Amino acid sequence: MNNAVFGKTMENIRKHRVVKLKNQWEGRYGASNYIASPNFHSRAIFNNNLVAIELNKSEICFNKALFVDTDSLIYEVQCEDVYTQIIKNYLEKFDTSDYAPDNPYNLPLVNKKVLGLMKDECNGSIMTHFVGLR
């Protein structure tokens, strides 16, 4: 895993809690009503006029991506043979370690997991479908 995955992307929304600060006991929005609710978790009494009530979330909305890969780029290259014209000529800029040892392009398997290098995620296969979101 690299440091492109951090912060809001990795937070566990199942662990989110709702905290209500109440200064009255009775009434529709009073502390007794929240304590009696089925999603009550705990409470903390600060003084006679202030209570914090922690509630479990009643609904969980999964509105974040579970994994975001921010270092992927997709290029459309229009040339006769990208493997001989670009990759072989600039082999020091590519990670070719995941190709088959007897690949049809005769590329050497070099630069395994070197940061900052370009990598063919399809390992020589031709990409026929692409789905881009936003």
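View 1. Tyr99 is buried, since its relative accessible area is 4% (buried means under 20% relative accessible area, exposed over 50%, and partly exposed in between, with a 1.4 Å probe and protein chains only). The model shown in every view is predicted, with local features needing pLDDT of at least 70 and side-chain atom pairs counted only at pLDDT 80 or more, while totals for chains, interfaces and linings use all residues. Residues are numbered from 1 along each chain as its sequence is written, and side-chain values use heavy atoms, with hydrogens and water left out. A search of the whole structure gives three aromatic pairs (rings of Phe, Tyr and Trp, the last by its six-membered ring, with centres within 6.5 Å; planes under 30 degrees apart are stacked, over 60 edge-to-face, the rest tilted). Among them is the stacked pair of Tyr83 and Tyr105, with 3.8 Å from centre to centre and 20° between the planes. This pair links distant parts of the chain, 22 residues apart: Tyr83 is in helix H2 (residues 82–87), and Tyr105 is in the loop between strand S4 (94–95) and strand S5 (118–119). Tyr83 counts as buried because its relative accessibility is 11%. Tyr105, at 22% relative accessibility, counts as partly exposed. Tyr99 also pairs with Tyr105, here edge-to-face, at 6.4 Å centre to centre and 80° between the planes. Tyr83, Tyr99 and Tyr105 together make up one aromatic cluster.

**View 2. The surroundings of Thr96.** Thr96 is located in the loop between S4 and S5. Its relative accessibility is 1%, so Thr96 counts as buried. The side chain of Thr96 reaches the backbone nitrogen of Val110 at 3.2 Å. This is a polar contact (a pair of N or O atoms within 3.5 Å; within protein, one must be able to donate a hydrogen and the other to accept it, and residues adjacent in sequence count only if both atoms are side-chain atoms). Which residues are in contact with Thr96, leaving aside its neighbours within four places in sequence? They are Ile87, Leu91, Leu107, Pro108, Leu109 and Val110, where contact means heavy atoms within 4.5 Å.

**View 3. The salt bridge between Lys119 and Asp98.** The structure holds two salt bridges (a side-chain nitrogen of Lys or Arg within 4 Å of a carboxyl oxygen of Asp or Glu). One of them joins the side chains of Lys119 and Asp98, with 2.5 Å from N to O. Lys119 is in strand S5 and Asp98 in the loop between S4 and S5, so this pair links distant parts of the chain, 21 residues apart. Lys119 is partly exposed because its relative accessible area is 34%. Asp98 is partly exposed as well, with a relative accessible area of 39%.

**View 4. The salt bridge between Arg17 and Glu54.** The closest N and O atoms of Arg17 and Glu54 are 3.2 Å apart in this salt bridge. Here too, distant parts of the chain are linked: Arg17 belongs to strand S1 and Glu54 to strand S3 (residues 50–56), 37 residues apart. Arg17 has 39% relative accessibility and therefore counts as partly exposed. Glu54 counts as partly exposed at 22% relative accessibility.

**View 5. A nonpolar patch on the surface.** The patch is formed by Val19, Leu21, Phe46 and Leu50, which together have about 390 Å² of accessible area. Patches are made of residues with over 30% relative accessible area and no salt bridge, like charges being joined within 9 Å and nonpolar side chains (Val, Leu, Ile, Met, Phe, Trp, Tyr) within 5 Å. Leu21 is part of strand S1 (residues 17–22). With 57% relative accessibility, Leu21 counts as exposed.

View 6. Ser37 is in the loop between helix H1 (31–35) and strand S2 (40–47). Is Ser37 buried or exposed? Ser37 counts as buried, because its relative accessibility is 19%. A polar atom of the Ser37 side chain lies 2.8 Å from the backbone oxygen of Tyr34.

**View 7. The whole chain, for orientation.** The protein chain has two helices and five strands (DSSP runs numbered from the N terminus: H or I, at least four residues, for helices, and E, at least two, for strands). Along the sequence, their pattern is β-α-β-β-α-β-β. Of the 134 residues in the protein chain, 17% are buried. Among contacts with a separation of 6 or more, 41% are between residues 24 or more positions apart. The protein chain exposes about 11,200 Å², of which carbon and sulfur atoms supply 53% (Shrake-Rupley method, 1.4 Å probe; for residues, only the protein chains shown count as cover).
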